[in-house]
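Please read the following briefing alongside the sequence and the coordinates. It takes up a few local features in turn, grouped by topic.

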Amino acid sequence: MNTPRKPRTSTRIHGAPPTRRVRRGLQAGVTALGVTATALVLTAPNASAHVQSLSVAPGMGFGSLGAGPYGTGCAYDVTAQAEHGNEVDFFDNGVYIGSAWAPGSLGPVTISWTPASAGTHVLVADDGFQSATQTVEVGNGVNLGSVCLVLP
């Protein structure tokens with residue numbers, strides 16, 4: 001004859017708080033996870049997303065009688081070396097002249113610059129983290145198309 005089975009009794013019912021041993025294991029696991037995450041953050045390499053340098057190509061010109069290789073009204077390539085895909089803003093004597101995005105790693109960011117006035121020009125490339133500066137002298141330029149005649 002089949003006798004009815006006694007229901008199993010458990011010391012833990014669903015919804016009851018975990019035992020002390022289980023709590024200690026959970027606490028140790030969470031602590032280890034926190035320590036590991038902190039160590040990873042503290043030892044991660046710095047992501048130096050900065051402008052490294054700035055240069056101005058002299059272009060095709062002649063006749064720079066002491067005025068320098070740059071002339072008003074003539075276009076020149078201004079190139080910054082920058083990192084990590086940041087947008088780089090360019091300025092001429094504090095006036096915004098354009099912006100461009102840096103490639104995924106260290107690489108050139110180039111814009112075209114046409115000085116409007118003769119004299120000293122301080123060019124700046126800034127990515128919001130660091131900037132680079134280049135000072136150039138600009139003479140009076142006569143744009144002849146493919147070349148620029150620079151006069152004092």
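**Briefing on selected features**

Phenylalanine 91 has its place in strand β5, where helices (H or I, at least four residues) and strands (E, at least two) are DSSP runs numbered from the N terminus. This is a predicted model, in which local features need pLDDT of at least 70 and side-chain atom pairs count only at pLDDT 80 or more, while totals for chains, interfaces and linings use all residues. Residues are numbered from 1 along each chain as its sequence is written, and side-chain values use heavy atoms, with hydrogens and water left out.

**Phenylalanine 91 and its surroundings**

- Phenylalanine 91 has a relative accessible area of 23% and is therefore partly exposed, given that buried means under 20% relative accessible area, exposed over 50%, and partly exposed in between (1.4 Å probe, protein chains only).
- Leaving aside residues up to four places away in sequence, phenylalanine 91 touches Tyr96, Ile97, Val122, Leu123, Val124 and Asp126, a contact being heavy atoms within 4.5 Å.

**Asparagine 93**

- Asparagine 93 lies in the loop between β5 and β6 (95-101), and its relative accessibility of 43% means that it counts as partly exposed.
- The phi angle of asparagine 93 is near 50°, which is a positive value in a residue other than glycine.

**The disulfide**

- Searching the whole structure finds 1 disulfide, defined as a pair of cysteine sulfur atoms within 2.5 Å.
- This disulfide joins cysteine 74 to cysteine 148, with an S to S distance of 1.9 Å, and it links distant parts of the chain, 74 residues apart, since cysteine 74 is in the loop between β3 (70-71) and β4 (76-82) and cysteine 148 is in strand β10 (residues 148-151).
- The link of cysteine 74 and cysteine 148 is right-handed, with 75° about the S-S bond.
- Cysteine 74 counts as buried at 3% relative accessibility, and cysteine 148 is likewise buried, with a relative accessible area of 3%.
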